[in-house]
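Subject: Handover of a structure

Dear colleague,

Please find below the structure that I am passing on to you. I would be grateful if you read the notes that follow with the model open beside them.

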Amino acid sequence: MPTLLIVHHTPSPHLQAMFEAALSGATDPEITGVDVVRRPALSATAPDVLEADGYLLGTPANLGYLSGALKHFFDTVYYPCLDATRGRPFGYYLHGNQGIEGAQRAIESITTGLGWKQAAAPAVVLGEPAKDDLEACWELGGTLAAGLMS
């Protein structure tokens with residue numbers, strides 16, 4: 001069964017709402033035959049990444065960069081997963097109050113290095129997530145999971 005791995009750092013209510021919306025989309029009853037695995041960024045491992053067929057990343061933008069937790073995740077899995085995961089689909093959601101461009105650049109740079117292929121537009125939210133923002137997160141999760149259906 002294909003697996004979607006959600007790696008997230010969720011330190012705030014805004015990110016919790018985005019995570020729940022993305023998870024709801026990924027686990028929609030119309031999506032069948034896909035296992036959705038959730039891991040906090042600080043506990044996700046190289047075996048988690050190697051066993052998954054696609055990835056959904058979630059992080060805050062802290063001081064203009066991605067969270068230390070997601071950076072730690074990438075530092076931990078980058079070389080063990082480099083060749084084995086090339087070409088796999090991914091997407092991401094990002095929350096910040098200002099200066100999110102550095103976080104976006106970092107995610108795009110690291111995933112490009114890994115050879116992952118962006119399968120959906122990111123859900124990027126500044127400030128409190130509105131209904132449309134949460135719908136974009138739902139759509140993101142659903143798109144990634146549906147793309148893994150056999």
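Is the crossing of H3 and H4 left-handed or right-handed? In this predicted model, the crossing of these two helices is left-handed. Helix H3 covers residues 68-81 and helix H4 covers residues 101-114. Their axes lie 12 Å apart and form an angle of about 15 degrees. Angles under 35 degrees count as roughly parallel, and H3 is therefore roughly parallel to H4. On the H3 side, Leu 70, Phe 74 and Tyr 78 make the contact. They meet Ile 107, Ile 110, Thr 111, Gly 113 and Leu 114 of H4. Sorted by class, this contact has six nonpolar residues, two polar ones and no charged ones.

A second pair of helices is H1 (residues 13-26) and H5 (residues 131-147), whose axes come within 6 Å and cross at roughly 40 degrees. H1 and H5 are therefore oblique to each other, and H1 passes H5 in a right-handed crossing. The residues of H1 in this contact include Ala 17, Ala 21 and Gly 25, while those of H5 include Leu 134, Trp 138 and Gly 142. By class, nine residues of the contact are nonpolar, four are polar and none is charged.

The lengths of both helices can be checked. H5, with 17 residues, reaches 24 Å from its first C-alpha to its last, close to the expected 24 Å.

Which residues of H5 are buried? They are Cys 137, Leu 140, Gly 141, Gly 142, Leu 144 and Ala 145. The elements that cover them include H1 as well as strands S1, S3, S5 and S7. In H1, the buried residues include Leu 15, Met 18, Phe 19 and Leu 23. Among the elements covering the buried residues of H1 are strand S2 (35-40) and H5.

Leu 63 lies in the loop between S3 and strand S4 (65-66). Its phi is positive, at about 55 degrees, although Leu 63 is not a glycine. With a relative accessibility of 93%, Leu 63 counts as exposed.

Yours sincerely,
A colleague

Technical notes
Residues numbered from 1 in each chain as written. Predicted model: local features only at pLDDT ≥ 70, side-chain atom pairs only at ≥ 80, totals over all residues. Heavy atoms only, no water. Axes fitted to C-alpha atoms, helices over the stretch in contact; angles between N-to-C directions. Helix = DSSP H or I, 4+ residues; strand = E, 2+ residues; numbered from the N terminus. Parallel < 35°, antiparallel > 145°, perpendicular 65-115°, else oblique. Left-handed = near helix turned anticlockwise from the far one by under 90°. Contact = heavy atoms within 4.5 Å. Nonpolar A, V, L, I, M, F, W, Y, C, P; charged D, E, K, R; others polar. Buried < 20%, exposed > 50% of the residue type's maximum accessible area, 1.4 Å probe, protein only. Expected span 1.5 Å × (residues − 1).
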